[in-house]
Amino acid sequence: MKVIKKEDLKGFIDGLIEKGEREVVGVKSKDSKYVFDTLEDAEELELDYDVTILPPKKYFMPQRETLVEYKTKKGIDMEAVNEVIPRIIIGVHPYDLEAIKQMDKVFADSPEDYNYSEKRSKSILIGVNMQKTSEWSFAGSMGNATIDDGYDLMLTDLGDKYAVEIGSSKGRELLDEGSLKIRDAEPEEIEEVENIEEDIKNKFEKELDFSPEKLPWLLAQKYGDEDFWEENAEDCYSCGTCNIVCPTCYCFDVQDFNDISLEEGERMRQWDGCMLEAFAEVAGGENFREERAERYRHRYMRKGRYLYNRFGDIACVGCGRCSSQCVPDIADPTDIFNKLWRDKDE
Amino acid sequence: MKPEEKPKVAFFDFAGCEGDQLQIANLEEKILDLLNIVEVVSFREVMTEHSDDYDVAFIEGSITDTHNEERLKEIRENADVLVAIGACATIGGINSIRNVQDFEKVQDRVYGDERDHYEAWEKAKPAKAVVDVDYEVHGCPIDRDEFLHVVQSLVMGREPHIPDHPVCVECKLNENVCAFERDEFCVGPVTRAGCDSCCVNEGTICWGCRGMIDNPNEDAHEEVLEEYGLTAEEVMNKFDLYFAWQKEVRKDE
Amino acid sequence: MNKEKSPYLPENATILNVEKMAEREKLFEIELDSGEPLNHEPGQFVEVSVPGVGEAPISISSSPTKEGNSFELCIRKVGNVTNVIHTLEEGDQIGIRGPYGEGFPVEELKGHDVIFIAGGLGIAPLRSLINYTLDRREEFEDIKILYGCRKPCELLYEDEVEEWRGMDNIDYRETVDECPDDVCWEGNVGVITTLIPGIDIDLENSYTVVCGPPIMYRFVLQELKQKEVPDERIYLSLERRMKCGVGKCGHCQINGKDGEFYVCQDGPVFNYDIVNDFEEAL
Ligand SMILES: Cc1cc2nc3c(=O)[nH]c(=O)nc-3n(C[C@H](O)[C@H](O)[C@H](O)COP(=O)(O)OP(=O)(O)OC[C@H]3O[C@@H](n4cnc5c(N)ncnc54)[C@H](O)[C@@H]3O)c2cc1C
Ligand code: SF4
Ligand code: SF4
Ligand code: SF4
Ligand code: SF4
Ligand code: SF4
Ligand code: FES
């Protein structure tokens with residue numbers, strides 16, 4: 001573990017911005033909330049934020065991105081497109097790092113999605129331990145209050161300085177790049193970080209009443225209880241907010257956008273969500289998840305079971321974005337998951 | 001993909017502000033591209049000639065009296081394809097507020113002393129309440145890119161992508177702070193997306209100008225607005241600004 | 001980016017021949033411009049791409065045992081992409097991605113009786129396997145084909161069906177839901193399930209392969225249950241909304257009490273015993 005003075009870190013970041021080799025991105029405030037955005041000055045960085053509106057997945061899988069460019073004037077001519085901007089992303093919380101680890105598996109799974117993986121491999125992730133927690137977050141219950149890997153560097157606020165944990169050779173090389181005033185951590189500082197990490201675990205207002213490994217089993221039990229899902233989904237707008245803001249949602253739609261000449265255009269993918277009504281509809285009007293309740297259930301199945309069965313991960317990392325941004329306030333996973341626990345058959 | 005012959009298009013206005021035609025007249029450099037794929041034979045906003053030989057009719061404005069109705073039916077007869085543009089033509093628009101107001105007062109306000117000369121209807125109607133409509137370009141005013149997309153689609157004979165999900169989708173993609181987290185209230189959750197949530201991006205709210213999605217959860221949203229402290233009347237006003245005609249149709253179903 | 005790598009980039013292909021089969025269906029013979037064979041298995045599908053309009057998943061309707069490097073797709077016009085494909089002619093280019101998905105378990109079926117039950121357009125994916133079994137007739141035991149469609153004019157692959165009618169090493173039966181008075185039809189009239197009671201199924205030694213519209217599955221499966229056909233001896237080909245075809249976009253996922261599948265990767269062909277409990281599958 002290393003230690004760096006806060007002002008030195010600022011200087012280091014300003015140096016990276018000035019160098020312009022990579023885009024430097026960090027957490028900034030937007031009205032009363034926070035977002036990941038391009039930094040023009042290290043001064044803009046707000047490392048003591050609670051949660052951002054969108055997770056950092058937008059840098060690896062942008063809201064809208066071109067997959068293929070085509071020309072149709074003489075026969076057809078298609079070319080794969082992948083716009084990769086190397087980035088340093090500063091201020092990623094442990095739950096978001098966990099989500100990125102999960103998405104890495106999804107997109108690396110054969111056939112590999114290079115539009116994701118090349119953006120991902122060209123980025124450097126600088127994590128930060130939480131100083132504040134969102135009132136909706138339950139990352140502690142999901143085991144994501146802190147994290148041991150998935151970052152290149154990890155910062156912990158120690159008053160006028162940061163402890164820096166090096167997580168990868170990419171992280172180490174980055175530190176070597178600038179003429180950085182950094183020193184090894186003293187034993188007391190290491191202990192302080194350990195204490196902080198221990199404390200964070202108890203800082204969450206929302207909690208799961210049981211251990212998350214039980215989720216796949218609980219969801220299987222509740223799958224067929226239609227009344228339950230209907231009751232809980234009654235006020236759902238099918239607005240997809242809970243999908244879009246979720247760091248482990250990755251569904252997308254693909255559409256062709258023609259240039260007005262009608263002779264060339266782009267095939268683009270954009271974020272989609274299983275809560276939206278047309279998600280499973282096919283030509284002719286058959287909709288395989290027509291009811292709000294079916295779609296509502298599907299999302300919980302995805303979060304608590306699907307990725308677990310496929311990749312061994314519970315896909316809800318506990319960030320609380322879905323619940324904080326659902327206008328009718330019906331998307332809180334702790335609410336549903338705790339009900340599953342309450343209603344379980346032994 | 002490009003068809004051999006350019007379709008002839010004509011623009012017609014009914015009760016509306018002509019703001020949508022202005023959007024089209026202001027397409028600037030893109031207007032030339034547009035003229036590459038269609039031939040405009042009638043467009044009051046930019047030309048004086050007029051022709052009744054057209055394939056595609058664009059209708060702006062809502063239908064508010066029998067004279068309008070007959071004229072629209074005639075246009076429908078003439079055109080192979082009929083496109084409603086702008087909220088007035090697609091959902092009755094702002095004009096349909098009167099649908100829920102006292103008819104006498106509306107007539108006084110709109111026509112004053114001349115009111116007896118007009119056989120104005122009690123309700124403003126969108127084009128599809130009177131004739132079959134092939135394509136719709138929503139919004140008040142319409143979005144230029146969406147207009148171009150619809151024109152492309154009809155030239156190619158395909159269905160355009162018009163979203164049937166709420167504005168919230170785009171609003172979240174744009175990473176806006178939700179109106180409800182700013183102590184404001186918005187009808188985005190029941191309104192059809194497609195405008196890229198432009199009003200919220202500018203720091204305001206969604207008023208619903210693109211009309212409701214096909215299957216909105218109005219009940220839930222009315223309840224939520226009341227929970228946030230709006231009076232029943234305030235909630236009604238939010239919904240009636242643009243949705244009056246749609247709500248009535250849904251009620252009748 | 002190395003463009004060979006993107007799973008979303010289609011390969012160029014050319015239409016060699018178009019044959020109108022019924023009011024809404026055409027058969028397209030296609031060859032990759034690379035000249036390479038598609039290398040598919042019966043039951044797999046491709047994503048057909050019309051740049052400027054989009055993509056549609058379509059089952060490969062020809063058997064890999066077919067001569068030459070071309071393959072065939074039977075396409076019904078129902079929407080944006082399929083409408084445009086219907087306007088294409090010999091010599092036109094399209095894009096192809098694939099073959100994708102899990103096809104029929106050909107090796108498992110070898111040495112057994114195979115019963116095909118096809119409803120409507122369901123014949124398109126089944127034909128890849130039917131023709132495979134016919135081309136390698138000696139590797140399979142008894143073959144039965146039950147084929148139903150709504151009206152005689154909707155019957156697909158007429159020339160081939162005419163051959164099947166005359167073949168003595170298979171048992172071919174057909175039915176239409178209804179037949180207008182002025183049409184000559186010698187086959188059965190009634191829904192496809194009415195053909196099932198009349199066939200002998202060697203429960204120990206046969207596999208049944210079913211493909212048709214969603215509604216058909218329920219009734220056919222009920223009928224097969226009556227005959228005591230074990231679930232694990234039934235294979236189905238399912239259809240879901242698809243975008244990517246490669247297990248990424250999430251659209252084709254179905255859930256059940258015991259798990260979940262991506263139809264594009266884990267299917268489209270499924271063993272009935274596995275999807276049986278899946279409320280969303282059938
Ligand atoms: C595994 C599989 C095999 C298929 N095989 C055949 C076949 O052999 N012949 C045939 O005619 N049809 C087949 N279909 C159905 C065919 O894919 C749809 O009819 C087609 O996608 C409709 O596209 P469209 O653009 O014309 O219609 P639109 O209604 O304009 O569809 C828009 C988009 O929605 C999606 N979509 C709509 N309907 C379907 C659907 N039924 N399945 C999957 N995605 C859909 C597609 O992404 C499509 O591009 C198959 C579908 C699947 C999943
Ligand atoms: S649960 Fe909430 S956020 Fe999710 S779709 Fe329904 S209303 Fe929208
Ligand atoms: S489901 Fe909700 S709490 Fe869980 S990871 Fe997604 S947004 Fe966060
Ligand atoms: S299926 Fe739904 S929950 Fe799962 S990743 Fe896609 S949008 Fe998210
Ligand atoms: S501001 Fe309006 S449109 Fe945007 S998310 Fe909130 S409710 Fe939806
Ligand atoms: S945000 Fe709402 S009011 Fe604004 S353009 Fe879109 S639909 Fe209309
Ligand atoms: S079609 Fe995209 S996951 Fe199956």
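**Notes on rings, charges and interfaces**

1. Over all chains, the structure holds 25 aromatic pairs. Here a pair means rings of Phe, Tyr or Trp (its six-membered ring) with centres within 6.5 Å; planes under 30 degrees apart are called stacked, over 60 edge-to-face, and the rest tilted. Keep in mind that this is a predicted model: local features need pLDDT of at least 70, side-chain atom pairs count only at pLDDT 80 or more, and totals for chains, interfaces and linings use all residues. Residues are numbered from 1 along each chain as its sequence is written, chains are lettered from A and ligands numbered from 1 in the order in which they are written, and side-chain values use heavy atoms, with hydrogens and water left out.

2. For an example in chain B, look at B:Phe180 and B:Phe185: the ring centres are 5.9 Å apart and the planes are at 75°, so this pair is edge-to-face. B:Phe180 has a relative accessible area of 7%, so it is buried (under 20% is buried, over 50% exposed, in between partly exposed, with a 1.4 Å probe and protein chains only).

3. A:Arg297 has its charged end over the ring of A:Tyr223, 3.8 Å from the centre. A:Lys6 does this with A:Tyr162, at 5.2 Å from the ring centre.

4. On to salt bridges, meaning a side-chain nitrogen of Lys or Arg within 4 Å of a carboxyl oxygen of Asp or Glu. The whole structure has 54 of them over all chains. Within chain B, B:Arg250 meets B:Glu218 at 2.6 Å, N to O, and B:Glu136 pairs with B:Lys128, with the closest N and O atoms 3.0 Å apart. B:Lys128 is partly exposed, at 38% relative accessibility.

5. Where do chain A and chain C meet? The contact (heavy atoms within 4.5 Å) takes 51 residues from chain A and 43 residues from chain C. About 4100 Å² is buried between them, 52% of it from carbon and sulfur atoms; buried area is the accessible area (1.4 Å probe) that two parts lose on being put together, summed over both. Four salt bridges cross this interface, and one links A:Arg267 to C:Glu55, closest N and O atoms 3.5 Å apart.

6. Chain B and chain C touch through four residues from chain B and six residues from chain C. The buried area is about 410 Å², with carbon and sulfur atoms giving 50%. The side of chain B that touches chain C has two nonpolar residues, no polar ones and two charged ones. Even so, the salt bridge count between chain B and chain C is zero.

Definitions and conventions. Ala, Val, Leu, Ile, Met, Phe, Trp, Tyr, Cys and Pro count as nonpolar, Asp, Glu, Lys and Arg as charged, and the others, Gly among them, as polar. A charge sits over a ring if NZ of Lys or CZ of Arg is within 6 Å of the ring centre and within 35 degrees of the ring normal.
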